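Here is a short briefing on one protein model and the two ligands it holds. Take a look at the structure before reading on.

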Amino acid sequence: MNSILITGGAGFIGSHLVQHFSNKYPDYKIINLDKLTYAGNLENLKDIQQSPNYHFVKGDIGDFDLVKELMEVHQINSIIHLAAESHVDRSISNPMEFVTTNVVGTVNLLNAAKACWNDNFEDKLFYFVSTDEVYGTLGETGLFTEETPYDPRSPYSASKASADHFVRAYHHTYNLPVKLSNCSNNYGAYQFPEKLLPLFINNIKHNKNLPVYGDGKYTRDWLWVVDHARAIDDVFHKGKMGETYNIGGFNEWQNIDLIHLLIEQMDEKLGRPKDTSKELITFVTDRPGHDKRYAIDANKIKTELGWEPSVTFEEGLNKTIDWYLENEAWMNNVTSGSYQSYYEQQYAKR
Ligand code: NAD
Ligand code: DAU
């Protein structure tokens, strides 16, 4: 039987993954270890909190004794590690938290896995969920492949790249069975409104300014979070040991074009005349070191594992907007309290 420790399962992607595994594999045991930082929210998991195969533990991935105890008590044979500080702007204001959680926390988990599995790695797996940002930035053309050299350029991406290197080093040095995947920008329900899409959805709804960094001509590849969870499932079950899989939506957008599409869909849903909310667009001071373009070649996972996105971007965006409009209480909860001061600090000076 699979007994899986998922870290960061109360966050955006983690909560989708926990739900996916808990629902699809009722005979697996899912242990969710999450510190419940500002980004962690048990509301995200209310649909499965009573499921017999699911168990939540509040705790820090940096706590070796806790992780070791959990692994022993629940006879964990696989770890899917997502817990992280995940927002680039916060990494620019406070890099050390990113080192502590993303680098030291990951090495702590690797050490706990190695110790608990006692160097007997048969049927064991340490799966690290990483980002396309480790590859740096692209010019007008080209795509990140699994062979693209690492060139992280923000404290966030440097911390994730460092963690990737440690995961690979434990494979090469100690034979720890590992898999990695590096994904592009996710969007969907339960995303904390510090990230572009939920922030802009919330601001459009409340007729607040839309702070577009720089000239808005930055490019990202976007993937519906449910499809990321499906991809992790495929890599977990069918991916080759020791390998990396790039995951992406085959779906590049310049920020400003994406914002126009968002405005078009939202004005229609809110019953506003077409393009009304374009007036909210405000070009603000750029993010320092802003990476120009990310684009993922996801052909390895497509051809080797048969995965591909299940929805078009227009469909995914439509579902996502509907979810935020229907779940006003969720948004109100996460934007009360410390969110207000974060917003002031982040945007007042721009
Ligand atoms: P998120 O910020 O929404 O959630 C992170 C979760 O980790 C939260 O629940 C938080 O409470 C928890 N956490 C933070 N520090 C912890 C600690 N020390 N111990 C235990 N739990 C802790 O992040 P997300 O967007 O869901 O990203 C999840 C993972 O996927 C991250 O590793 C991120 O780097 C990676 N990733 C994200 C994206 C994206 O577009 N969001 C894309 C590619 C990869
Ligand atoms: O590529 C994968 C990465 O995608 C993940 O590893 C990160 O965890 C995730 O946060 C995301 O990083 P980005 O920096 O690309 O996402 P963000 O939503 O912060 O920004 C998307 C783009 O929008 C980026 O070019 C910056 C711009 N932006 C963002 C915000 C929050 C704005 O113009 N204004 C804003 O207010």
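Predicted model: local features only at pLDDT ≥ 70, side-chain atom pairs only at ≥ 80, totals over all residues.

Residues are numbered from 1 along each chain as its sequence is written, chains are lettered from A and ligands numbered from 1 in the order in which they are written, and side-chain values use heavy atoms, with hydrogens and water left out.

**Ligand 1**

- Around ligand 1 there are 28 residues, and Ile 13, Asp 34, Ser 86, Tyr 156 and Lys 160 come nearest. A residue is near a molecule if one of its heavy atoms lies within 4 Å of it.
- A polar side-chain atom of Asp 34 lies 2.6 Å from an oxygen atom of ligand 1.
- Alone, ligand 1 exposes 840 Å², and the protein buries 96% of that. Such areas come from the Shrake-Rupley method with a 1.4 Å probe; for residues, only the protein chains shown count as cover.
- Two or more shell residues come from each of α1 (12–24), β5 (125–131), α5 (155–174) and β7 (185–187). β5 gives the most, with three residues. Helices (H or I, at least four residues) and strands (E, at least two) are DSSP runs, numbered from the N terminus.
- The shell divides into 12 nonpolar, 12 polar and four charged residues. Here Ala, Val, Leu, Ile, Met, Phe, Trp, Tyr, Cys and Pro count as nonpolar, Asp, Glu, Lys and Arg as charged, and the others, Gly among them, as polar.

**Ligand 2**

- Ligand 2 is surrounded by 24 residues, the closest being Thr 131, Asp 132, Tyr 156, Arg 287 and His 290.
- On its own, ligand 2 has 690 Å² of accessible area, and the protein covers 95% of it.
- α6 (196–205) and β8 (210–213) each supply at least two shell residues. The largest share, three residues, comes from β8.
- The shell of ligand 2 holds 11 nonpolar, seven polar and six charged residues.

**Tyr 135**

- Tyr 135 sits in the loop between β5 and α5.
- Tyr 135 is buried, with a relative accessible area of 2%. Buried means under 20%, exposed over 50%, and partly exposed in between (1.4 Å probe, protein chains only).
- Beyond its neighbours within four places in sequence, Tyr 135 is in contact (heavy atoms within 4.5 Å) with residues including Phe 144, Tyr 150, Asn 182 and Asn 246.

**Helix α6**

- α6 is mostly covered, with eight of its 10 residues buried. Among them are Leu 197, Phe 200 and Ile 204.
- Asn 207 follows α6 and has a positive phi, near 55°.

**Strand β1**

- Five of the five residues of β1 (residues 3–7) are buried, so the strand is largely enclosed by the rest of the structure.
- In a regular strand the side chains alternate between the two faces of the sheet. In β1, Ser 3, Leu 5 and Thr 7 point one way, and Ile 4 and Ile 6 the other.
- β1 pairs with β2 (residues 29–34) in the parallel sense over five bridges. Two strands pair if DSSP finds at least two bridges between them. Ile 6 has Asn 32 as its bridge partner in β2.

Technical notes: Polar contact = N/O pair within 3.5 Å; in protein donor to acceptor, adjacent residues only side chain to side chain.
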